[in-house]
Amino acid sequence: MHTTDCSTTGNYTRGSQFEKNLNQLLSSLSAGAIAGDWFNTSSVGTGPDQAFGLIMCYADAGDATRCKECLARAPAGVRQECPGSRAVTASNDACLLRYSDKPFFSAYDASTNISYTKLAGDQIVVQNVTTMNNTRWQFLNKLAERAGDNTLRIDNRSEPYVAASAQLYAKSVFGSRERS
């Protein structure tokens with residue numbers, strides 16, 4: 001599965017300082033992740049032209065070859081899919097690439113759409129949102145602890161949500177390990 005979310009307002013122009021910073025960022029993010037532990041965060045530039053980025057492989061991406069291919073292809077893919085965008089989140093089955101003109105490291109992003117569905121694909125209605133949120137936060141806290149305890153600082157788990165006869169799935173990257 002491949003999804004890309006491109007910003008559509010306040011985009012940069014060709015040849016701008018932001019584009020130069022972004023090009024440098026995307027090149028260094030990918031190279032750093034491939035050479036390291038398949039995870040990299042960085043920023044390039046200053047002020048309104050500063051670009052912040054994150055690239056990583058998912059813990060369940062499969063083999064090293066698949067991960068490295070995804071890391072290598074991701075920057076060119078977002079340039080083609082989102083020309084001029086100042087903020088992009090692109091995800092596929094093996095890796096994630098995110099960049100923005102705003103800092104987002106170690107920040108919760110509530111804009112992600114969450115869908116609660118039955119295995120048959122029918123939409124379900126959560127009867128008690130408070131219970132669902134409490135269950136979800138307990139699950140995410142356990143996930144963050146597990147990610148923090150392993151050397152790659154990533155983890156993925158599932159946990160049953162009994163009230164809806166469904167499963168909660170999540171992947172976590174613990175903290176931000178910025179590199180320059």
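Which pattern do the disulfides of the chain follow, with bonded cysteines counted along the chain? I looked this up in a predicted model, and I noted the pattern 1-5, 2-3, 4-6.

**Entry on the disulfides.** I searched the whole structure and found three disulfides. I recall that a disulfide is a covalent bond between the sulfur atoms of two cysteines.

I noted that Cys 6 is joined to Cys 82, with 1.8 Å from S to S. This pair links distant parts of the chain, 76 residues apart: Cys 6 is in strand β1, and Cys 82 is in the loop between α2 and β4. I recorded Cys 6 as partly exposed, at 24% relative accessibility, and Cys 82 as buried, at 2%.

Next I looked up the disulfide of Cys 57 and Cys 67. Cys 57 belongs to strand β3 and Cys 67 to helix α2, so parts ten residues apart in sequence are tied together.

I then found Cys 70 joined to Cys 95. This link is left-handed, with -75° about the S-S bond. Both Cys 70 and Cys 95 are buried.

**Entry on the helices.** I looked up α1 and α2, whose axes come within 8 Å and cross at roughly 170°. An angle over 145 degrees counts as roughly antiparallel, and I therefore describe the two helices, α1 and α2, in that way. Residues in the contact include Leu 26 of α1 and Leu 71 of α2.

**Entry on the core.** The largest nonpolar core has 23 residues, and Leu 25 and Tyr 99 are among those with the most contacts inside it. I noted that α1 gives the most to this core, with six residues.

Key
Residues are numbered from 1 along each chain as its sequence is written. This is a predicted model: local features need pLDDT of at least 70, side-chain atom pairs count only at pLDDT 80 or more; totals for chains, interfaces and linings use all residues. Side-chain values use heavy atoms; hydrogens and water are left out. A nonpolar core is a set of buried Ala, Val, Leu, Ile, Met, Phe, Trp, Tyr and Cys residues joined through side-chain atoms within 4.5 Å. Buried means under 20% relative accessible area, exposed over 50%, partly exposed in between (1.4 Å probe, protein chains only). Helices (H or I, at least four residues) and strands (E, at least two) are DSSP runs, numbered from the N terminus. Axes are lines fitted to C-alpha atoms, for helices over the stretch in contact, and angles run from 0 to 180 degrees between N-to-C directions. Angles under 35 degrees count as roughly parallel, over 145 as roughly antiparallel, 65 to 115 as roughly perpendicular and the rest as oblique. Contact means heavy atoms within 4.5 Å. A disulfide is a pair of cysteine sulfur atoms within 2.5 Å.
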